[in-house]
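Good morning, colleagues. Please look at the structure now on display, and I shall then take you through several of its features.

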Amino acid sequence: MTTPVPIAVPRKGRPLEAVLDRFANVVGPEVESLADDVSSTLRYEKAVTKDSLSDDRGPYERLAAYSTPEDPYAPEYTLLRDDREGMPRRIVFDAVRIDVGGVPVELIGREEPFRSLRTHEFALGFDSADLVLEEVVELRPSGVEGLEDVNDRIDPRESDVRVVTGLGDTVYHTLMATPELLPAGADLDRSFVTDYEGTFCISPRYERLVTAVLGTDATADVSFTYPGADHGEEEAAIAETGIGVYLTVTGSTAREHGLVLGEHLFPSETVLMSNAAETSRTIDRVRDQLVRPESASVLSV
């Protein structure tokens with residue numbers, strides 16, 4: 001029997017659903033039902049963990065009910081500590097086997113799939129494009145705008161991981177500002193930030209990412225500030241600061257805080273990645289199956 005090709009995937013949330021959708025599109029109806037099963041199970045478990053739903057069964061009982069250990073093609077789950085107050089135990093995805101073009105692959109849940117590829121545990125994996133920018137993309141005077149820029153700015157001495165394609169589950173890092181800050185007729189874009197001097201509100205862990213996306217020239221005279229605990233929504237903090245960047249799908253919350261939406265910056269998209277040092281014919285075959293030119297990805301190959 002052919003040894004399954006292991007692929008690192010997120011354990012929960014939108015990124016995992018995007019991965020399962022890609023496999024469903026590639027393989028067909030049998031994986032569509034699997035994707036629906038996993039997604040509905042994890043959404044239910046999220047609601048239980050957040051106390052939106054109650055279940056008389058304990059986590060181990062629910063885990064046993066979801067599991068079919070004798071069938072590798074049935075999804076398996078595991079328990080992790082959630083990072084909220086009290087650290088409740090949360091059921092998340094663990095593993096499942098899928099046949100892709102005649103090759104068995106093993107989707108294996110990881111908290112940090114990108115780092116699993118960096119340490120050569122896997123040849124293929126899926127994770128947020130944000131993490132690539134946060135960890136290995138070189139900072140340059142001009143900003144990153146697309147896939148070609150990302151791979152071009154990864155030092156081969158720093159990492160063997162490269163982005164192959166995106167999955168189309170796009171949420172943008174978007175510039176936002178108060179109308180008072182913008183001169184009449186001015187566009188809220190990268191060039192505006194280049195000329196701007198002052199405080200600029202972002203999420204705390206995104207300083208390197210925002211610098212990579214905008215470029216060091218644009219951020220040279222910017223002083224990053226972060227939302228305080230009393231702000232609630234990130235957009236409220238941006239409105240107080242005057243300008244900033246935040247992830248948005250529709251921008252409706254930003255508009256509720258009186259903010260103008262500017263240029264869409266880099267997409268926060270789930271991406272397929274490969275470790276170039278861990279390749280083989282079989283791995284390349286699976287990778288090529290998972291690249292779909294007709295997908296809605298902003299990060300096109």
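I begin with S39, which counts as buried because its relative accessibility is 12%; buried means under 20% relative accessible area, with a 1.4 Å probe and protein chains only. S39 has its place in helix α2, helices being DSSP runs of H or I with at least four residues, and strands runs of E with at least two, numbered from the N terminus. Neighbours within four places in sequence aside, S39 is in contact with E17 and L20, where contact means heavy atoms within 4.5 Å.

A word on the source: this is a predicted model, in which local features need pLDDT of at least 70 and side-chain atom pairs count only at pLDDT 80 or more, while totals for chains, interfaces and linings use all residues. Residues are numbered from 1 along each chain as its sequence is written, and side-chain values use heavy atoms, with hydrogens and water left out.

I turn to helix α9, residues 234-241. Which residues of helix α9 are buried? They are E234, E235, A236, A237 and I238. Their cover includes β7 (171-177), β8 (198-201), β10 and α10 (252-256). After α9 comes G242, with a positive phi near 115°.

Thank you for your attention.

How values were computed. Buried means under 20% relative accessible area, exposed over 50%, partly exposed in between (1.4 Å probe, protein chains only).
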